[in-house]
There are 2 protein chains.
Amino acid sequence: MPAQGTHSARPCHSMSTSFQPHKAGDLHFLKRLNRSAILELVRRTPGLTRADIATQAQLTKATVGAGVQSLLQQGWLREGELQKSSGGRPGRALHLNDDNHVLFGAEVGVHGLRLVACTLSGQVLVSHHEHLVPTTPEVTAELLGELLRTLMASRHVAGRQSLGLGVALPGPIAPGKPVLRLAPNLGWRDIRFLDLLRPHLTLLEGTWLMDNEAKSAAFGELYFRTGQIPESLVYVSAGTGIGSGMVEGSHLPLVTRGMQGLAGEIGHTVLQPGGLYCHCGNRGCAETLVSGWSIRAALGIAEEEDLVATLLPRLNDSDVQVTLRRAGEALGVLLLNLHHAQNPSEIVLGGSLTQLGEPLLEPALAYFKANQNRLLGTSQQVPLRVIEDSTFVAARGAAAQVLASIIHGPSDLLQASF
Amino acid sequence: MPAQGTHSARPCHSMSTSFQPHKAGDLHFLKRLNRSAILELVRRTPGLTRADIATQAQLTKATVGAGVQSLLQQGWLREGELQKSSGGRPGRALHLNDDNHVLFGAEVGVHGLRLVACTLSGQVLVSHHEHLVPTTPEVTAELLGELLRTLMASRHVAGRQSLGLGVALPGPIAPGKPVLRLAPNLGWRDIRFLDLLRPHLTLLEGTWLMDNEAKSAAFGELYFRTGQIPESLVYVSAGTGIGSGMVEGSHLPLVTRGMQGLAGEIGHTVLQPGGLYCHCGNRGCAETLVSGWSIRAALGIAEEEDLVATLLPRLNDSDVQVTLRRAGEALGVLLLNLHHAQNPSEIVLGGSLTQLGEPLLEPALAYFKANQNRLLGTSQQVPLRVIEDSTFVAARGAAAQVLASIIHGPSDLLQASF
DNA sequence: CTGGATTCGTTTAATCTGAGAACCAATCGT
DNA sequence: ACGATTGGTTCTCAGATTAAACGAATCCAG
């Protein structure tokens, strides 16, 4: 904790793919890199000892020892129990220190605001879900600010050092700039949401960033994980629209954004050339087959009604079954196309539609499983996980992005500490 | 050039996404990183001065000076002309030194072998195209070895230090292992092609690697470029089958491979659920609509005939026009789906089918242009370039991968030099 | 033409980081 | 209880970068 005082809430729009033309650096940079490596190793494999780290990071015991000591002093790590020994001095387990810092994550969705405060290891300290009908960005920002202030004041959060805030938004983000280009379901366009939020949250320190909701979710699902970490992961968010986010790279997870922030807009990949008109103006988009609004359209459910709540009691109606089956089949095609285009190590399926369960999901998973191995002829299955309750997934993912931007990025929060 | 003698041809299967759990290192590592950065900057912007490099890489003049000196001595860089000054001592331009090294690239295609030898900046010194009907991996390897030996002995190549060989193959590569999992059009499966090649090329030093043809091509198109370098690039290879490769990341270009090496197999994304049967067993794959074999099937052209040569004189036949128009429309959908799923900064279209020209391409480009801005409503066009003669693109790309693996990777070729 | 200003590149001493080896600490097996 | 083994720390040393001063090469103004 540097004595010079508080860190300014220096906004950092999003985890850019690259900070500099090419990475180069001085001794300080090297030191920081090694501290990051230590922190990252412990983050992935809680309970590592200094000796383990030295082996895995290819550093000497001396270097690791010094690095761990500073990370302990800074409150990033804590020492745990002694490990079992097998004929030697037992090592001391190291863990992330979940007691000193707090990460804030929020999601602005079509149906409301979701907020979480969590620890370094992704443990949620407090969360809040506020229903809200779509309104202006300004009103939304003011409300979100108020709710976040409440969260900051809550018992489990107060007193912790804030590392920053991540905001997940339902639309593509401009690359390199903290601008939400479009949120069709909110009726927003070109919104600098963080700028709107800042006046209401002058006390929230640390790194601020915003990202697309599916991308944040994907990031969180990969990042807040320990043990065997997949090389890449795609999160498919099936709600009012359908989008996806991909994270790649085991040692510095990167989110694929694309030139215009459109990467992952799989809802507008065409599955049926010449098919139904989509709200985007094209025909045959995936969203015309599988999405909240296509299901509403097929079943004549008004926007005011909650789609899931309306459908759950009616799952046995034949029209509902047929509609969901068709949507599920399209979802299966979407998943398969994702598999052949990106081939992620893991697919996570979330969004409000997953609550509809079997009638929608069974056809999708069946199609995917039946066809995913056609090409190679193997029997290897891509892990595909369905999250029934994905309420806080994106918000938590945005918090994960804050942490990653501090550990891996150019933030001062770590740098200044060492 | 280290005095201790020749470098062993230590095979390195492919540019892995990550070499280590997390990057850490010592002073040597830092030095190497900075040398890489210098080399990379000059590679991108030929003619930079030491002062420019210091500014861009955030290094001091002293460090850059020392680094440049060693790179000059090693033959990686050369000094050029004095730059124009504006009221001060003029800087000396730096360029890649194209005179000392050579990179070998090869492509094993359905219709033959393509070989190139090129310089650090991607300039082709010699190339060779050998027609060959598909045969066994062993025979192919032997022939390729012989041809490469001829290339090595050629006037412009002899005497240069070999940095290695990259081989592009028409199928998915296993991740982390130098194994061609499948090449349907060659009838190959699980081939360790480099192992077959090695006995015939004991004299070819440096890094050996292999990769998928479209991925190599994508890499080369991004890497052997100067000036404004796109953040990401997708190469679509339209030939007998249809595949793609994506490269991302401006400061260390990475190829998306996927868990099973399937990333980019867009020929098997489904564009028409319930459509025609594909050779993979599924229905409605893109390849059933746009690919060499789907066009052959539609027009009844035997495998023995050269597709492009057969069609070129018949482009005005109505059945040919209709077939190519349909294929082109499907290609347009494929490009649009790529745009919405990955949103690359640039798309390059190559492969033998591009030689068919307008009748195929016009519908594809028209569809793509008409729909690429539906979502955002902007008028920004994704740069889309068609390569008419893509004969050596993949081979040259494989050579580029060799260079990149040496500059950015853990190779000794740079490390030992400093 | 000369001198000052400016920019480029190199040289010097100083600083800082990780490596390496010796050292102490703690446990296990016998 | 003792050696063997493994974990972690403390030294010194090699090395890479830095900062600051210096020399080099050009422009420009008078």
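Which side chains meet in a salt bridge at 2.3 Å, N to O? They are B:Asp211 and B:Arg257. By salt bridge I mean a side-chain nitrogen of Lys or Arg within 4 Å of a carboxyl oxygen of Asp or Glu.

Before going on, some ground rules. This is a predicted model, where local features need pLDDT of at least 70, side-chain atom pairs count only at pLDDT 80 or more, and totals for chains, interfaces and linings use all residues. Residues are numbered from 1 along each chain as its sequence is written, chains are lettered from A and ligands numbered from 1 in the order in which they are written, and side-chain values use heavy atoms, with hydrogens and water left out.

Back to our pair. B:Asp211 sits in strand S9 (residues 207–212) of chain B. B:Arg257 lies in the loop between strand S12 (254–255) and helix H7 (292–299) of chain B. Helices (H or I, at least four residues) and strands (E, at least two) are DSSP runs, numbered from the N terminus.

Buried or exposed? Both B:Asp211 and B:Arg257 are buried. Buried means under 20% relative accessible area, exposed over 50%, and partly exposed in between, using a 1.4 Å probe and protein chains only.

Next, helix H1 (residues 27–44) of chain B. Here B:Arg44 forms a salt bridge with B:Glu40, with the closest N and O atoms 3.1 Å apart. Why about one helical turn between them? Because they are four residues apart in that helix. B:Arg44 has 11% relative accessibility, so it counts as buried. B:Glu40 has 1%, so it counts as buried too.

Now helix H9 (residues 318–341) of chain B. B:Arg325 and B:Glu329 form a salt bridge, closest N and O atoms 3.7 Å apart. Again, they are four residues apart, so about one helical turn separates them. B:Arg325 is partly exposed at 40%. B:Glu329 is partly exposed at 37%.

Over to chain A. A:Glu221, A:Arg225, A:Glu346 and A:Arg385 are linked in a network of salt bridges. How many salt bridges does the structure hold over all chains? The count is 28.

Last, the two copies. Chain A can be laid on chain B by a turn of 180° and a shift of 0.0 Å along the axis, with an RMSD of 0.1 Å. The copies are thus related as by a two-fold rotation axis. The superposition is by least squares on the C-alpha atoms of residues with pLDDT of at least 70 in both. In chain A, A:Leu271 comes closest to the rotation axis, at 2.6 Å (C-alpha).
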